[in-house]
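Subject: Structure handover and findings

Hello,

Here is the structure I promised to pass on. Please load it before you read the rest.

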Amino acid sequence: MYHVNKHIPQALVLHAHLTAQTDFRETKHVGLKMDLIQCTDTLSTKSPRFGNNAYEEAFDAEVYLEMYYGSLRSDIAAGDMIPFMLKSFHEVFNKVYFELGKITGKRFLDIGTGPSILSVISASEHCDSVYLSDFLPHCRRVLKEWVSGELTDKFNPFLEYVIDLEKSEESLTSRENKIRSKIDGILPCDLFKEEPLEPAYFRPFDVVTTSLCLEAICEDSSSYKTCVKRIASLVRQGGHVVVYAVLGDTTYFVGEEEFKSLHISKGEVEKVWTEAGFTITYCRDSVLPENERNKYCEFEAWYIMAARKQ
């Protein structure tokens, strides 16, 4: 996203002590300062891209970050999309579950992390061991650069925003170091494999999150169900899943490249997760105003759901 369509390609997790033979592209975009406004006038007229090969060939992690995570309220992303996402994760992990049984656990997995850490800022406060994952090597490379400290400042506005939501006196540096210290690995994954994390294998996790991932990688309701079942197999009985998504979308852009997005409704999302063995404990959506919709932001609403595995 992030026109809230910042859909991230499929993904899964990693283990700190597992040596992964991953080909990290070292290509860096020197002086990456694209004129995003001008870019809107030169959008590709080709058919939207879709599938693993398309993402490997055309998804540019640096451009994606520049477009959708350039600031808390990006000119390209829908105005309140990122604040809604950060507030929603904050509520799920800090408020909602005081009565329902707070979401917490030793082991946490984020599926389809992409090149940003936004989906794990709040969650990481409630777990001891954090695992990030993505299908694309260049997304994983960006994550590795942040964990190592090579990439600095990029996510500071979002970290500060969450710290303010928590009314915490913790410093930005302290929060960054805490998150980095909990990350035990960053691995490739493919939700269309029987064993998405192979060659790594893990026992089910206490908490699993996924943000803007399934809409980007699933072509239809059948493939969506398949991916949900694969994610469900990674959650322990009694564990929790948190899903952040956009509803009613069809495509999204990364630079001039257009990618397909699955058009799905709130009812469809909840039905699939219920059929996969989860009890929905929390859900919230926010409709995107008509006057904020454009070629980058055509979705109907932002949506977050938390559920417990039966």
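Below is what was found in it, element by element.

Overview

Please note that this is a predicted model. The protein chain has 11 helices and nine strands. Of its 310 residues, 59% are buried. Take the contacts in the chain with a separation of 6 or more: 80% of them are between residues 24 or more positions apart.

Nonpolar core

In soluble globular proteins, nonpolar side chains tend to be buried together. Here the largest nonpolar core has 96 residues. Leu214, Tyr224 and Trp273 have the most contacts inside it. Helix H4 gives the most to this core, with eight residues. Tyr224 touches both Leu214 and Trp273.

Strand S5 and its partners

Strand S5 covers residues 235-247. It is mostly covered, with 11 of its 13 residues buried. Strand S4 (residues 205-211) pairs with S5 in the parallel sense, over six bridges. Strand S9 (residues 301-309) runs antiparallel to S5, and eight bridges join them. Val208 stands opposite Val241. In S9, the bridge partner of Val241 is Ala307.

Lys309

Lys309 lies in strand S9. Where is the nearest side chain of opposite charge to this buried lysine? It belongs to Asp206, 11 Å away. A salt bridge needs a nitrogen and a carboxyl oxygen within 4 Å, and Lys309 has no salt bridge. Its side chain does reach the backbone oxygen of Val235, at 2.8 Å. Val235 is also among the residues that Lys309 touches, leaving out those up to four places away in sequence.

Four bridges join S6 to strand S7 (residues 257-260), and the two run antiparallel. Tyr252 has Phe259 in S7 as its bridge partner. Two residues sit between the strands of this hairpin. Gly255 takes a positive phi there, near 65°.

Helix H7

H7 spans residues 156-165. Its buried residues are Asn156, Phe158, Leu159, Tyr161, Val162 and Ile163. What covers them includes helix H4 (81-94) and helix H8 (172-182). Asn156 has a relative accessible area of 13%, so it counts as buried, the cut-off being under 20%. Asn156 touches Leu172 and Glu176, again not counting residues up to four places away in sequence. Just after H7, Lys167 takes a positive phi of about 55°.

Salt bridges

How many salt bridges does the structure hold? There are 13.

- Glu125 and Arg175 meet through their side chains at 3.5 Å, N to O. Glu125 lies in the loop between strand S1 (105-111) and strand S2 (127-133) and Arg175 in helix H8, so the pair ties together parts that are 50 residues apart in sequence.
- Lys178 and Glu125 meet at 3.3 Å, N to O. Lys178 is also in helix H8, so this pair ties together parts that are 53 residues apart in sequence.
- Glu194 and Arg230 have their closest N and O atoms 3.4 Å apart. Glu194 is in the loop between strand S3 (183-187) and S4, and Arg230 is in helix H10 (residues 221-232), 36 residues apart.

Are these side chains buried or exposed? Glu125 is partly exposed, with a relative accessible area of 26%. Lys178 is partly exposed too, at 28%. Arg175 is buried, at 0% relative accessibility. In the remaining pair, Glu194 is exposed at 64%, whereas Arg230 is buried at 13%.

Finally, Glu125, Arg175 and Lys178 belong to a network of salt bridges that also links Glu166 and Glu170.

Best regards

Conventions
Residues numbered from 1 in each chain as written. Predicted model: local features only at pLDDT ≥ 70, side-chain atom pairs only at ≥ 80, totals over all residues. Heavy atoms only, no water. Buried < 20%, exposed > 50% of the residue type's maximum accessible area, 1.4 Å probe, protein only. Contact = heavy atoms within 4.5 Å. Pairing = 2+ DSSP bridges. Lys, Arg positive; Asp, Glu negative; His and termini not counted. Polar contact = N/O pair within 3.5 Å; in protein donor to acceptor, adjacent residues only side chain to side chain. Core = buried A, V, L, I, M, F, W, Y, C linked by side-chain atoms within 4.5 Å.
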